[in-house]
Amino acid sequence: MTTRFELDALYIEEGERSSALAARVIAGLPAGVAVRYVADGRVAARPAAGAADPFGAGKRRMIILRRRSPFVMACPAGSSEFACCGYLIAALASNCPMDCGYCFLQEYLADNPGFQIYANYADLFGELDRIGRNAPARAIRVGTGELADSLAFDRLTGISRDLVDYFARREGLLLEFKTKTDEIENLLAIDPRGRTLVSWTLSPARVFTTTEHRTAPPVARIAAACRVLEAGYKVAFHLDPIIAYEGAARDYLALLDDLFDAIDPGRIAFISMGGLRMTPGLRGAARRRFPRDPMLVGEEVMAPDGRMRAFTPLRVGLYEKLRERIKLADANLAAYLCMESPSVHRRVFGAAPPAPHALGARLAGS
Ligand code: SF4
């Protein structure tokens with residue numbers, strides 16, 4: 001494993017003191033990390049008073065607590081404005097020990113940046129059973145990597161084992177892990193029976209070096225994908241965010257070449273693409289935390305959805321080049337755009353996007 005995260009402290013909510021998750025994490029905790037018990041983990045997740053970088057400090061504070069609201073949510077990208085894929089989010093954790101300069105969590109979790117993991121995560125299975133019963137004919141994709149990285153610290157939590165095991169026994173449900181780590185050891189020990197997909201966000205080495213702090217190098221992510229593929233998992237990749245810096249087209253095309261050299265494109269479930277988009281609030285927070293990051297200083301324009309994006313012709317030009325390269329590798333390899341309008345989709349693919357549920361079913365491989 002190339003990803004090594006550090007913790008300052010572990011906080012455990014009193015009510016979860018005897019939970020299986022707390023026991024596993026304590027057993028694997030590196031020496032020297034303080035363990036504290038608190039009445040309400042949500043209080044421990046608030047920004048540390050007086051910290052120079054409260055968001056960064058929150059990432060080093062793991063909190064095991066009970067989730068009080070449902071685990072399953074609709075994907076925040078899902079709206080009538082966007083050509084999306086009908087995807088559900090399982091919120092099993094909040095925040096992430098890695099630190100990407102563009103990460104939307106810097107704004108989204110500014111008020112509760114502690115790295116929270118929910119001890120009652122098995123309640124998710126009851127929610128999914130109900131959803132499956134209410135929509136028996138639909139293929140449902142469930143992702144755990146929206147408000148956190150799906151596998152960061154999995155060596156401590158072991159949550160992936162329970163998830164893969166649950167989905168292996170459910171027809172019509174597909175689990176999607178999304179990660180920038182190479183923490184796959186737990187996955188290699190279980191047979192997913194084709195019901196779990198692991199997806200990696202990939203960026204050129206240049207973006208990794210300047211902006212994706214504490215993540216696994218792209219080459220290690222691709223190597224990890226090769227290993228889980230051989231262990232029976234589906235694999236997919238996200239080129240997201242695509243950053244329109246000078247030389248970006250060359251670097252992203254080279255990245256696709258590296259990927260297709262390592263993995264037969266016919267064995268890749270899909271590739272998603274999404275340009276860098278930031279609300280003004282996120283852009284301000286990111287530039288304050290990473291003032292010297294060359295990837296955060298590009299010229300952008302305000303899009304109708306209130307997010308700053310690279311000028312549309314520049315973005316579309318990049319998408320088209322990458323789409324061509326993907327098509328050349330395998331004309332049947334599914335590619336789609338994340339958080340782009342139907343008009344951008346039409347310009348890139350020459351056709352309107354399929355309905356969300358149809359796209360979701362295709363991406364689920366059903
Ligand atoms: S790996 Fe994902 S969740 Fe973690 S900091 Fe980077 S973008 Fe955010």
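Helices (H or I, at least four residues) and strands (E, at least two) are DSSP runs, numbered from the N terminus. The note below uses those labels on a predicted model.

1. N332 lies in the loop between α13 and β18. Is N332 buried or exposed? Exposed residues are those over 50% relative accessible area. N332 has 66% relative accessibility, so N332 counts as exposed. N332 and P313 are 19 residues apart along the chain. Their C-alpha atoms are separated by 26 Å.

2. **Length of α13.** Helix α13 covers residues 312-329.

3. **Buried side of α13.** Which residues of α13 are buried? They are R315, V316, G317, L318, Y319, L322, R323 and I326. Note that R315 and R323 are on that list. The cover over these buried residues includes the strands β13 (234-242), β14 (268-275), β17 (308-309) and β18 (334-337). Helices α11 and α14 (342-349) are also part of the cover.

4. **α13 against α11.** Two packed helices are described by the angle between their axes and the distance between the axes. For α11 (residues 248-262) and α13, the angle is about 20° and the axes are 10 Å apart. Angles under 35 degrees count as roughly parallel. That is why α11 is described as roughly parallel to α13. The crossing of α11 past α13 is right-handed. On the α11 side, the contact uses A248, A249, Y252, L253, L256, D257 and F260. On the α13 side, L318, K321, L322, R325, I326 and A329 take part. By class, this contact has 10 nonpolar residues, no polar ones and 3 charged. Among the α13 residues in this contact are L318, L322 and I326, each of which is buried.

5. **α13 against α14.** Here the axes come within 9 Å and cross at roughly 45°. That angle makes α13 oblique to α14. The crossing is right-handed. From α13, the residues that meet α14 are T312, P313, R315, V316, Y319, E320 and R323. From α14, they are V344, R347, V348 and F349. The contact of α13 with α14 divides into 6 nonpolar residues, 1 polar and 4 charged. R315, V316, Y319 and R323 meet α14 and are buried.

6. **α5 against α7.** Helix α5 (residues 123-134) and helix α7 (residues 159-168) cross at roughly 25°. Their axes come within 11 Å. The two helices are therefore roughly parallel to each other. Their crossing is right-handed. Which residues make the contact? α5 supplies L124, F125, L128 and D129, and α7 supplies D162, L163, Y166 and F167. These residues divide into 6 nonpolar, no polar and 2 charged.

7. **The cis peptide bond.** The bond from D240 to P241 is cis. Its omega is near 5°. P241 sits in strand β13. Strand β13 is also part of what covers the buried residues of α13.

8. **Positive phi at F153.** F153 is not glycine, yet its phi is positive, near 70°. F153 sits in the loop between β9 (140-143) and α6 (154-157). Is F153 buried or exposed? The cut-off for buried is under 20% relative accessible area. F153 has 2%, so F153 is buried.

9. **Positive phi at R193.** R193 also has a positive phi, near 50°, in a residue other than glycine. R193 is in the loop between α8 (185-188) and β11 (196-201). R193 counts as exposed because its relative accessibility is 56%.

10. **Y233 in its loop.** Y233 is found in the loop between α10 (218-230) and β13. Its relative accessible area is 2%, so Y233 is buried. What does Y233 touch, beyond residues up to four places away in sequence? The contacts are V164, L187, I190, P192, T196, V198 and V228. Y233 and R195 are 38 residues apart in sequence. In space, they are 7.6 Å apart, C-alpha to C-alpha.

Note on methods:
Residues numbered from 1 in each chain as written. Predicted model: local features only at pLDDT ≥ 70, side-chain atom pairs only at ≥ 80, totals over all residues. Heavy atoms only, no water. Axes fitted to C-alpha atoms, helices over the stretch in contact; angles between N-to-C directions. Parallel < 35°, antiparallel > 145°, perpendicular 65-115°, else oblique. Left-handed = near helix turned anticlockwise from the far one by under 90°. Contact = heavy atoms within 4.5 Å. Nonpolar A, V, L, I, M, F, W, Y, C, P; charged D, E, K, R; others polar. Buried < 20%, exposed > 50% of the residue type's maximum accessible area, 1.4 Å probe, protein only.
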